[in-house]
Amino acid sequence: MKRFFTSESVTEGHPDKVCDQIADSVLDAVLAQDENARAAIECCATTGMVLVMGELTTDCYVDISRIVKNTVRDIGYTQGQGFSYNSLAVITAIHGQSADIALGVDNSLEHKAGGGDYDAIGAGDQGMMFGYAVNETEELMPLTAVLSQKLAMRLAEVRKSGLLPYLRPDGKTQVTVEYDGKKPVRVDTVVVSAQHDDRVTQEQLKRDIRKHVIDAVIDARWLDENTRYYINPTGRFEIGGPEGDSGLTGRKIIVDTYGGRCPHGGGAFSGKDSTKVDRSAAYMARYICKNVVAAGLADECELQLAYAIGVANPVSLFVETFGSGRVSDEKLAAIIRENFDLRPAAIIEKLGLRRPVFRETAAYGHFGRAQFPWEQTDMAGALKKYL
């Protein structure tokens, strides 16, 4: 059966991703001094201005204005009057974490009943989180998500290296793959929109993007004479970033995860410390699914976890292997419960989530990149005994 599926990505200069990176840069700066800080930092950006807002409970001090400007500079907004690091107005509106929320996080229901150390931290909120893995790429990610993310990363690489010096930080990518049943067989459509200066012609841009971005990223075996390419299809793209469109933290959640192949839970990731299960449990769910697929227990695995505020253990666990499991989904759920501790404190320790590791997650996807601890497959060997 012929099917088509599409995923998109954005560059680090996209206005929403600018905000995600600012939020996680503030979080990292705080965690570098206070690993027990509580944070739910959000950001919005528009022409000439960034607003940093949300919750922060810590004894340390960080210079938020400096962090914002350094982040914007590192992304590449260093010239022009619309949005540049050296002319930004930075407004802060931050307060401490609600004492009502802290009650549940600091002392879970299980801990009050005499539980151990891992029961000390309750979930920071209710909600559901999803993880996913599939064996169609070496990253155990959907091919569409991998290719769209790599194209966006390549846009930044050729801009920053000077190979295509006329490019500017904003950009978007999109890849449609044709599937024969569940097997990817070819790339059907590639869309790249790249911000540029006013000196390059559209002809040169299209030629350079095809040669130095698309052909450099997508293996020729996926491309054929019928593959369609849309490069800056509207023509000019000179005004971009928060000058062209306002940015907001947490508005690119499908880009952050699996490119639409898996549902997204109830919350975004960036700016949140790991007592927020929106983030930590989603990372753990990915870790579990990736190890399940790496162990050969399934070709495809989706996991939903759900939590109640102030309760350490998840209230539900749902597994779906889409008919690809070597054991039943019911059995796999029992295997997961037996081998993985899903309490927030245990997740934080297992994945090292009190360290300042989050700025790197805030662009080009939280999943599918080997540098993150939740991408390791160190449990695959132990899970193979269930085959």
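Which backbone oxygen does the side chain of R279 reach? The side chain goes to the backbone oxygen of K272, at 3.1 Å. Before going further, keep in mind that this is a predicted model, in which local features need pLDDT of at least 70 and side-chain atom pairs count only at pLDDT 80 or more, while totals for chains, interfaces and linings use all residues. Residues are numbered from 1 along each chain as its sequence is written, and side-chain values use heavy atoms, with hydrogens and water left out.

Back to R279, then. A polar contact of 2.9 Å links its side chain to that of Y283; a polar contact here is a pair of N or O atoms within 3.5 Å, where within protein one must be able to donate a hydrogen and the other to accept it, and residues adjacent in sequence count only if both atoms are side-chain atoms. R279 is buried, with a relative accessible area of 0%. Buried means under 20% relative accessible area, exposed means over 50%, and partly exposed is in between, using a 1.4 Å probe and protein chains only. Leaving aside residues up to four places away in sequence, R279 touches D24, L27, F269, S270, G271, K272, F358, T361 and H366, where contact means heavy atoms within 4.5 Å.

R279 sits in helix α9, residues 277-294. Helix α9 is mostly covered, with 17 of its 18 residues buried. From first C-alpha to last it reaches 24 Å, close to the 26 Å expected at 1.5 Å a residue; the expected span is 1.5 Å times one less than the number of residues. Just after α9, G296 takes a positive phi of about 85°.

On one pairing, 9 bridges join it to β1 (residues 2-10), and the two run antiparallel; strands pair if DSSP finds at least two bridges between them. You can trace this pairing from K2, whose bridge partner in β6 is D180, to E8, which stands opposite Q174. β6 also pairs with β7 in the antiparallel sense, over 11 bridges, with V175 partnered by V190 in β7. β6 and β7 form a hairpin with 2 residues between them, and G181 in the turn has a positive phi of about 65°.

Helix α6 is covered by elements that include α5, β6, β7 and β8. Its buried residues are Q202, L205, D208, I209, H212, V213, I214 and V217. The helix bends by about 35° at R210, the bend being the angle between axes fitted to the seven residues ending there and the seven starting there. As for length, the 16 residues of α6 should span 22 Å at 1.5 Å a residue, and the end C-alpha atoms are 21 Å apart, which agrees.

The other sheet to pick out is open too, with 4 strands in the order β4-β3-β2-β9 and mixed pairing. β4 and β9 stand at the edges with a single partner strand each, so one side of each has no neighbour in the sheet. Helix α2 (residues 64-75) packs on this sheet, touching β3 and β4, with its direction at about 130° to that of β4. 2 bridges join β2 to β9, which run antiparallel, and A45 stands opposite G247 in β9.

Finally, two loop residues. L140 has a positive phi of about 60° although it is not a glycine; it lies between β5 and α5 and is buried, at 11% relative accessible area. F322, also not a glycine, has a positive phi of about 55°. F322 lies in the loop between β11 and α10, and at 32% relative accessibility it counts as partly exposed.

How values were computed:
Axes fitted to C-alpha atoms, helices over the stretch in contact; angles between N-to-C directions.
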